[in-house]
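Subject: Structure handover

Hello,

Here is the structure I promised to pass on. Please open it alongside this note, which goes through what was found.

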Amino acid sequence: MENDYPLQLVQHADQGLLDAYSGTITRVVHETAESVVHIEVIKSATDPRTRQQRDAPGSGSGFIISSDGFIVTNNHVIEQAKNIRVSLSDGRKVVAELKGTDPSTDIAVLKIYESNLKALSFADSAQLQPGQIAVAIGNPLGLQHTVTAGVVSALGRTLRASNGRLIDDVIQTDASLNPGNSGGPLVNSSGQVIGVNTAMIPTAHGICFAVSSNLAAYAAGRLIMTGRVKRAYLGIAGQQVNLTERMMAANKLQKRTGVYVFELEADSPAYNRQLQNGDIIVAIGETHVGSVDDLHKQLTEAFIGQRVKLDILRSGRKITVEVIPGELK
């Protein structure tokens, strides 16, 4: 009995904090659950036994971002879908139209033609701090409006997208995610979206990821306006290579690697005639690059059709050439 007494005091002292935490989660769910949707798709798949095409069902989550029916989800949820249906919180099932996808951020936008829908707003993910409350709402394993809560575990992570590019500014959270959570919102204690749940690591416990709200909002905005997110394109094939200490010292380079150009695409939409096979790109503009991922990160829409200076190593000596990036199709 003596050992139980201190534990009871601790329990009573923490009760108020636990009630406040529970109340916060309950309030957030009450305010946001109506805006979370269940997405069902029919995709074409290859039967592994017969090698023939067949229809295969899939599902995921999404959330409403405008009262007139725009919905954000993951690209991988609706990729190659023949039919898309959305289930609303009140039980309605409606056909959804695909407005656009961006595999490079794993974001897609759907449109349903319903009115007076409750929308979620995006928070500024640049203001996030590790340790703050994160609530994930979705439809894991087809179980609608399932809630998990945790914290923002880390910021600034990267994930590899299905097209090979890196998704930057990814949030790591310990709010549990399962298949079917993809595309659902990760929200803060005010009910604002801080991320779009996108991935989990099956072999790890408590390590899940979400595309940050700032990146998701940018991609969604471009998809709604133009149907795609524009990116610049150099018309080269390259790979990361290590630089020797001598090359680094002689050319006053900051990174130990560069991008080796092993192919220039013929009839490319980009102007790249000053480049040669065997060149090693070490900077674009004023930004040093050490990998293909570094190069992709810099090739934003702002570079399309603009003259850009590249620092390259040719025969071990650094020179500057000009390119005019085209638009990635």
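β2 and β3 form a hairpin with five residues between them. In the turn, G69 has a positive phi of about 105°.

Some ground rules. This is a predicted model, in which local features need pLDDT of at least 70, side-chain atom pairs count only at pLDDT 80 or more, and totals for chains, interfaces and linings use all residues. Residues are numbered from 1 along each chain as its sequence is written, and side-chain values use heavy atoms, with hydrogens and water left out.

Strands here are DSSP runs (E, at least two residues), numbered from the N terminus. Two strands pair if DSSP finds at least two bridges between them. β2 covers residues 53-64 and pairs with β3 in the antiparallel sense, over two bridges. I64 has I71 of β3 as its bridge partner.

β3 also meets strand β7 (residues 107-111). Five bridges join the two, and they run antiparallel. Here F70 has K111 of β7 as its bridge partner.

Is β3 enclosed or open? Five of the five residues of β3 (residues 70-74) are buried, so the strand is largely enclosed by the rest of the structure. Buried means under 20% relative accessible area, with a 1.4 Å probe and protein chains only.

**N197**

N197 is in strand β12 (residues 193-200). N197 counts as buried because its relative accessibility is 0%. Contact means heavy atoms within 4.5 Å. Leaving out residues up to four places away in sequence, N197 touches a list of residues that includes N74, A136, I137, L177, F209 and A210. A210 is 13 residues from N197 in sequence, and their C-alpha atoms are 4.1 Å apart.

A polar contact is a pair of N or O atoms within 3.5 Å; within protein, one must be able to donate a hydrogen and the other to accept it, and residues adjacent in sequence count only if both atoms are side-chain atoms. The side chain of N197 makes one to the backbone oxygen of P185, at 3.3 Å.

**K43**

K43 sits in strand β1 (residues 36-46). Which backbone oxygens does the side chain of K43 reach? The backbone oxygen of V77 lies 3.3 Å from a polar atom of that side chain. The backbone oxygen of E79 is reached at 3.4 Å. Beyond four places in sequence, K43 touches residues including R54, D55, A56 and H76. K43 and T146 are 103 residues apart along the chain, with 25 Å between their C-alpha atoms.

Best wishes

Key: Helix = DSSP H or I, 4+ residues; strand = E, 2+ residues; numbered from the N terminus. Buried < 20%, exposed > 50% of the residue type's maximum accessible area, 1.4 Å probe, protein only.
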